[in-house]
Amino acid sequence: MPYVITSLCTNDGACVEVCPVACIHTTPGAPQFYIDPEVCIDCEQCEIVCPVDAIFKDIDIPAEHQAAIEVNAAFFRKNKAAAGPVSFETAWQMIRAAHDYAQLMGMAVTAAVVDEAGGPIAVGRMDTAEPMTAELAFNKAYTAAAFHVATAELAPQARQARFRSLTMSHRGRIMPVGGAIPIIDGMTIVGAVGVAGGSRPEQDILCCRAALAVIEGHGH
Ligand code: SF4
Ligand code: SF4
């Protein structure tokens, strides 16, 4: 049951900041923001922060705003690119870019690229990186793909019971630690890159950014 933004929206973007799955978007010149019904997880955070009460759960939407359900869905049908998965060649280039940056900084890391479902596309461990970094990098990338956000944003929630049970249900793969970033094609998350091996999460994040520069440079 997704939430829906109506024409009452004043475009201030407050809801975008709180959405845990980054499913609220607009385009330049559009009259309002829109919620992707295929991604919304029904958490109601956007409804809580909206200063003008423009957001409703689809089953509770007032009759005069019923059309907004289709307006929101149509926005994403029109604007979502026919995004394909990250190719192996691109994933490999991303990993090499992360390694190159790590080497420059005197680090040894593993970088992993996964698809939108968290499945591995490529994992590369530098010769002197600790063996355990391979699993850590993959787990971080898996987590960023699953939650549609950089794992650094999840770190403050890591001690919550919700996260501990999620970690168990995902066989230990959920890792809310900085060092993984989603790969976004237009409005679509097509995967994630994760890095482990730096002495601080910030260093892993910089390696991720080096990897993402590959796709920002030539698309995929
Ligand atoms: S209900 Fe939650 S997941 Fe859905 S759009 Fe609002 S903030 Fe995002
Ligand atoms: S918080 Fe409300 S007014 Fe602001 S962008 Fe979101 S829906 Fe529009």
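Which element gives the most to the lining of the largest pocket? The close-up views below, taken from a predicted model, begin with that pocket.

**View 1. The largest pocket and its lining.** In this predicted model, the largest pocket has a volume of about 460 Å³, and 28 residues line it, with Val21, Ala22, His148, Met187 and Ile189 lying nearest its centre. The elements that give two or more residues to this lining are α1 (14-18), β2 (24-25), β7 (180-185) and β8 (188-196), and β8 gives the most, with 3 residues. By class, the lining residues divide into 17 nonpolar, 5 polar and 6 charged. Because domain 1 (3-79) and domain 2 (88-218) both give residues to the lining, the largest pocket lies between them.

**View 2. The surroundings of ligand 2.** Ligand 2 is surrounded by 13 residues, of which Cys9, Asp12, Gly13, Cys15 and Cys50 are the closest. This shell has 9 nonpolar, 3 polar and 1 charged residues.

View 3. The whole structure holds 4 aromatic pairs, and one of them joins Phe88 and Trp92, whose ring centres are 6.0 Å apart and whose planes meet at 15°, so the pair is stacked. Trp92 counts as partly exposed, because its relative accessibility is 33%.

How values were computed. Residues numbered from 1 in each chain as written. Chains lettered and ligands numbered in written order. Predicted model: local features only at pLDDT ≥ 70, side-chain atom pairs only at ≥ 80, totals over all residues. Heavy atoms only, no water. Near = heavy atom within 4 Å. Nonpolar A, V, L, I, M, F, W, Y, C, P; charged D, E, K, R; others polar. 1 Å grid on protein atoms, 1.4 Å probe; cavity = no way out; pocket = protein on both sides within 12 Å on 5 of 7 lines; lining within 4 Å. Points joined across faces, edges and corners; volume = space filled by probe spheres on them. Helix = DSSP H or I, 4+ residues; strand = E, 2+ residues; numbered from the N terminus. Domains from an automatic or database assignment. Phe/Tyr/Trp six-rings, centres within 6.5 Å; stacked < 30°, edge-to-face > 60°. Buried < 20%, exposed > 50% of the residue type's maximum accessible area, 1.4 Å probe, protein only.
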